[in-house]
Amino acid sequence: MASTLRLYLTCIRNTLEAAMCLQNFPCQEVERHNKPEVELKTSPELLLNPVLICRNEAEKCLIETSINSIRISLKVKQADELENILAKKFLRFLSMRAEAFQVLRRKPVQGYDISFLITNYHCEELQKQKLIDFIVQFMEDIDKEISELKMSVSTRGRLVATEFLKQF
Amino acid sequence: MAEAEKFMGSDNVEDILTKIENKSLKIESLIKPYKPIEAIKTALEGYPPQDEQCKFANWIGVRKALMAIKDVVGILRSLNPQYYDILMKYVYRGLSTGDRTTCDQCLKIHEKLTEKAGFGCILRSLADTVNTI
């Protein structure tokens, strides 16, 4: 189990390492505009093949690259209803504060839980290696966070139930 | 360049599907007596044409060869470097299926192949929009 996680993260790291080759590219359609081409998808010559890396049926990662931007969408593991709700709430909390993260997208791509949008400007200001480390670390930490949240919800539920039922 | 890569040069879809099926049978016959290297070499020969059916039929055959690999490092050592790019494309196709066993195997192959072939191999598989599998 742990070995597939390691392989999955290595695969994503290697793919990002290769795919994150971004350069400034002004918009071809509208002059004096500079837009992330991966979001618009107007010119096919500016886009690379999107790559879907699945660890299993529940967890996957979609990496779409273009000349000046890269979009990474993640679907995290959700084993039951409670994890589903916790993941949704937690990732929505993060997405709402996307300004602070800089590379986070405000809305995840359809079919995924959270999305990152990295442009050439981010690559100029921030180090490419550190960006990749951040994304891989994020993926590791998300699983831990959701497990912790689930455990704390279960513990609280058990305590509350015990206290309440003491009176009977 | 695209013409040179065309599979067998035939235009008839049925003909191509038959040829792909024959190739699949040949791959199976090489896997049984445990000759995974030859199986992989047969599987990686040529690109399927742009038709979805042909691509799917071709993928089924290649998947059999990929799942039969036990010693990834050994296979890559004996495989001709010209096949690395095509193998990487098939590995990504395997990773996109979502099936647990296929993904496990493809993740193993991906790690070793990246160590052997480098990041250029990954980038060529991303950038090649003409010869897709």
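Predicted model: local features only at pLDDT ≥ 70, side-chain atom pairs only at ≥ 80, totals over all residues.
**View 1. The interface between chain B and chain A.** On the chain B side, 21 residues are in contact, and on the chain A side, 22. The two chains bury about 1900 Å² between them. Carbon and sulfur atoms account for 66% of this area.

View 2. Two salt bridges are counted between chain B and chain A. In one salt bridge, the side chain of Glu111(B) meets that of Arg6(A), with an N to O distance of 3.3 Å.

**View 3. The side of chain B that touches chain A.** The elements of chain B that give two or more residues to this side are α5 (84–97), α6 (100–117) and α7 (119–127). The largest share, eight residues, comes from α6(B). By residue class, this side of chain B divides into nine nonpolar, six polar and six charged residues.

**View 4. The largest nonpolar core.** This core holds 69 residues. The members that touch the most other members are Leu16(A), Ile53(A), Ile70(A), Ile72(A) and Ile118(A) from chain A, together with Leu66(B) and Leu87(B) from chain B.

**View 5. The surroundings of Ile53(A).** Neighbours within four places in sequence are left aside here. Within chain A, Ile53(A) is in contact with Tyr8(A), Cys11(A), Ile12(A), Thr15(A), Lys60(A), Cys61(A) and Ile63(A). From chain B, Tyr92(B), Leu95(B) and Leu107(B) are in contact with Ile53(A).

How values were computed: Residues numbered from 1 in each chain as written. Chains lettered and ligands numbered in written order. Heavy atoms only, no water. Contact = heavy atoms within 4.5 Å. Buried area = accessible area lost by both parts, 1.4 Å probe. Salt bridge = Lys/Arg side-chain N within 4 Å of Asp/Glu carboxyl O. Helix = DSSP H or I, 4+ residues; strand = E, 2+ residues; numbered from the N terminus. Nonpolar A, V, L, I, M, F, W, Y, C, P; charged D, E, K, R; others polar. Core = buried A, V, L, I, M, F, W, Y, C linked by side-chain atoms within 4.5 Å. Buried < 20%, exposed > 50% of the residue type's maximum accessible area, 1.4 Å probe, protein only.
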